[in-house]
Amino acid sequence: MIRKTRVKGTWLAATVLAVGSLFATSLPAYAETGVTGSEIKLGITLPLTGAASPGYNKIGNAMNAYFKYVNDNGGVYGRKVTLIQKNDEYSPQLSISKTNELILKDKVFALVGPLGTANFTSVHKSVGIARRGVPSLFLNTGFSGFGNKKTYPTSFMVLPSYAMEAKIIAQFLKENHAGKKLGIVYQNDEFGIDGMGAFKAAGIKFDVSVSYTSGSQSAATAQTWVSQLAAGGAQVVVFFGVTSATAPLLAVAAGAKYAPQWILGSVGADPLTLRALGVPLAVLNGAQTPAGNPSPNDTSDEYVKQFQEINTKYNTGTAFDDYVLQGMNIGLMTVQALRAAGPNPTRKGLIRAMETKGSTFASVAYSPLGFSRTSNVGHTGYYMAVMDANGDRKPFGGKVTLYTTNSGTGPVTVSTFKRPAMPAKGLPSNS
Amino acid sequence: MRNFKFKRSLTLVAGTALAASLLVAAPTVASATPVCDGKFPVQSCGGATSDGAPYAMMVPANFNGTVYLYSHGYRPNVPVPAGIPVLGGYSVTNTPQPGPNATVIGALLAKGYGVVGSGFARQGWNADSAIKTNVELVGLFKKQFTKTTKVVAWGESLGGFITQALAEKHPDLFSAAAPMCMASDVGPLMTMAGDALWGMKTFFDPTIKGGSYSAGAAGYAEAMGDLVKVFTAIGSLQAAFAANALTPAWPATSRVPDAIKAIPSRSALVMVALMSGVPLQSAHFDSTTAPSVLPVAQQTSFILAINPAFAALENLGNAAALGVLAMHDIEQQAGGAFFDNTATDYAARIADEQFSWASALSGASGTAGLLSVLAASPRAKADPAAVAKLKTLTSHSGKVEIPTILFTATADPTTAAGNQQSVADKYATYMAEKWTAARKAGSPKRPANNQLVLWNLPPEKYTKYSAAGAPDTSLPAATGTTHCNFTNSQFLAIADLLAYASANGKNLSGGPLLTKLRKAGNMTYDRGYIAPRLKYYGE
């Protein structure tokens, strides 16, 4: 009798403990904004319509496709990942209200891949991203200012900064185009200024310098750019702007039979988007460009191959290009970040995970990631590539020579960094 | 870029918004003892406090013991001659105003509340005297209506300033308070107005005096002359925008170098708005919408570059008119010029926002060009004695013990949302100090937060265009924009919240609060929201 009672008591105690531990593990998950027992809700603002949307409007769907693939394979610790896309039309004012909506109405756990420098600058200040402790992962902008960990403690870049890119192009110009007349077309805001500052610091002087105001790009304005470049005799022209400006520039130049050596900045050099905007691929033939990722056509690359498969199944009908590749890759990195935050993720935990484990994440880009407790810098380098008449790009010189640097005065160096392998089947298992 | 013809002229709301609230007729007699009409079911009483300020009291037969003391907003203290745009024909009035408008007053009376308000002894910036007037008025009301158990204070604009000050200084008299579209301290407020006025002068008409007005009639003439010049400049810009919105011409009165005039004048307007803290969302311009008739490629440009300039044009009328009228008024009170921008770094002022509005500012080079004009232009210098005198005027400490409810539009161009934010910030500091003191004293209980901060946000998109693509400014101002542009539902929600706070000693919270706000419409409670800080912080 006594023994029986003891057994019953033990059983009862075990039951209570089990229930208690169930609560202990479950409660934090339900207590965090945007996380339930079955779902993690994420948000992104980007231009889905308007002049700035070509290419960018593919990123969200690509991320979603990757998340669907992960969800069909068990999700993240059993939770499905959902992404809410908001169209900000590239308007900073609209980015603010859309982000407010994501945070207050949709109650997302984190922002992932918000796009645009002016947009995120406005959002960060007006919405109070840091003050609210909202993680903002993998910003789709290379403005080096976002690398300021004190100002942006909850935000993390993914692209190499525009300053890094300009430093690497500067090195390339010195090594391969010395003595030629140089021209540049740049966006006359923080994007272009970031790059121009780095060019200047690297000792590059442009013989012809043309700027344009964001939003003003058109065939008409491109006429004036080309006129200035041609009149100045620029033999090598660096373009440091967005794709919607590259297109009229190249189209107008081709029409005017002006054919300098183009060096297209990474932001505005996606061949498929340029072709969709009316640029004949032949015009791109021979254009040089800094690239962080392999060509989206390079099926020998394990990341590209896996992402292409996912795109075919989960993003049906969408041509696989740099933007899709970028979106998928952000999805991959996001899932790793969520896993690193543990089975019961909190916003603070996610930020901590980015700081402590983010630099080890698998990513399609060749260069190292700079995340740490003191750095929110993402990828840190580029290789130079050459485009062909098919809209494909190949490493300049036949093999990838990776250059890494920082946004400051650090040197540009050739890196031997070997990127982590793609997780098996593209499904991260990190913790 | 196509040219736009306005459906009708841009509405220059300007300073009338400060004074144009409905005035409520009530018996006014120059007597300390209220003279009442004895009517049923609502009795109206009038009289004057010891400073000569007329007041009005209205009390229903079923008076429930709670009375709302309303403080009206800024009324210019000088007449504005006919012929001056928008404001012309204004006469100084001290008609008492016991509530925001007749409808709201009627609704409160129907619920059994009493209402009371003064016309104040002087107009213009009158906070110090108005506070005394109101304190005396509360005593008179209680004496007349002995059933009075609770007095709540509310007011708009300058009346919001007065209301906050009453809550801080007289917790014994009031059980709750609601400053709405409030002004904060006069120094920062006038820095905003002064910067806007100085910017208009610098870019568009250097003959605008912009302050340092002479004493007496000469100063009055100078101020009225400035009003004309400001509105003339605004009118010229308006015409230029209508003729060519992409590259509007500079007013003929502008004396900026020709090289600067290569930058569109719209960018200078945006610069003036940014450097002074005037919002880039106005009554009819949202900075997010383009005419659908434009080609897609041009729509983005319109959103980024043109719409914000229209918003600046519509808003700056208000700020500059306040700049002239209040500058003249307060200089007369202080005995000299008090606006001083000799040490102001306008580049630093806009550093946080220049990237957000890069296209509207014509890019980095346009921004640099406009900043070079500001840097090279003669600055306004204050009279130290006047500044010292200004500092003796009442200011807000943020230290409040009774429940308060703050409510303002985030795109208010006259008393920018930062005014409300500054009071919220001060209260937060005060609460932190109290919490520290409590812990030191061994108390584990955090002091209760008794400040409810509410915001009126504009919709995402509200600019309307005609089929031809011209912006329509004939529509009512969008919610969340313009000065004290509240609906009766919002006023009555505030009144209900005040009644609850008064009865319970704390603000309504949780689901009932959110339900109340949702039903009223366009009232946001978000503890994470912080309005842009006023530009003059830390200077």
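This is a short tour of a predicted model, stop by stop, with something to select at each.

Before you click, note that residues are numbered from 1 along each chain as its sequence is written, while chains are lettered from A and ligands numbered from 1 in the order in which they are written. Because the model is predicted, local features need pLDDT of at least 70 and side-chain atom pairs count only at pLDDT 80 or more, whereas totals for chains, interfaces and linings use all residues.

**Stop 1: chain B as a whole**

Select chain B. Its C-alpha trace spans about 70 × 55 × 55 Å along the principal axes. Colour by secondary structure to find 14 helices and 9 strands; helices (H or I, at least four residues) and strands (E, at least two) are DSSP runs, numbered from the N terminus. Of the 539 residues here, 57% count as buried, meaning that 20 or more other C-beta atoms, placed from the backbone, lie within 10 Å of the residue's own.

**Stop 2: two domains**

Now colour residues 16–184 + 396–520 of chain B as domain 1 and 187–389 as domain 2; these bounds come from an automatic or database domain assignment. The domain centres, taken over C-alpha atoms, are separated by 30 Å. Where they meet, 38 residues of domain 1 of chain B are in contact with 34 of domain 2 of chain B (contact: C-beta atoms, placed from the backbone, within 7 Å). To see the domain 1 side, pick α1 (16–19) and α12 (417–440) of chain B, the elements that give two or more residues to it.

**Stop 3: where the chains touch**

Show both chains. Here 24 residues of chain B are in contact with 30 residues of chain A. On the chain B side, α8 (296–334) and α10 (363–376) are the elements that give two or more residues, and α8(B) gives the most, with 8.

**Stop 4: a sheet in chain A**

Which order do the strands of the open sheet in chain A have? Across its 5 strands the order is β2-β1-β3-β4-β5, with parallel pairing; two strands pair if DSSP finds at least two bridges between them. Select β2 (80–87) and β5 (155–157) of chain A: they stand at the edges, each with a single partner strand, so one side of each has no neighbour in the sheet.

Next, zoom in on β4 (residues 136–139) of chain A, which pairs with β5(A) over 2 bridges. Leu139(A) stands opposite Met157(A) in β5(A).

Conventions: Contact = placed C-beta atoms within 7 Å. Buried ≥ 20, exposed ≤ 12 C-beta atoms within 10 Å, placed from the backbone.
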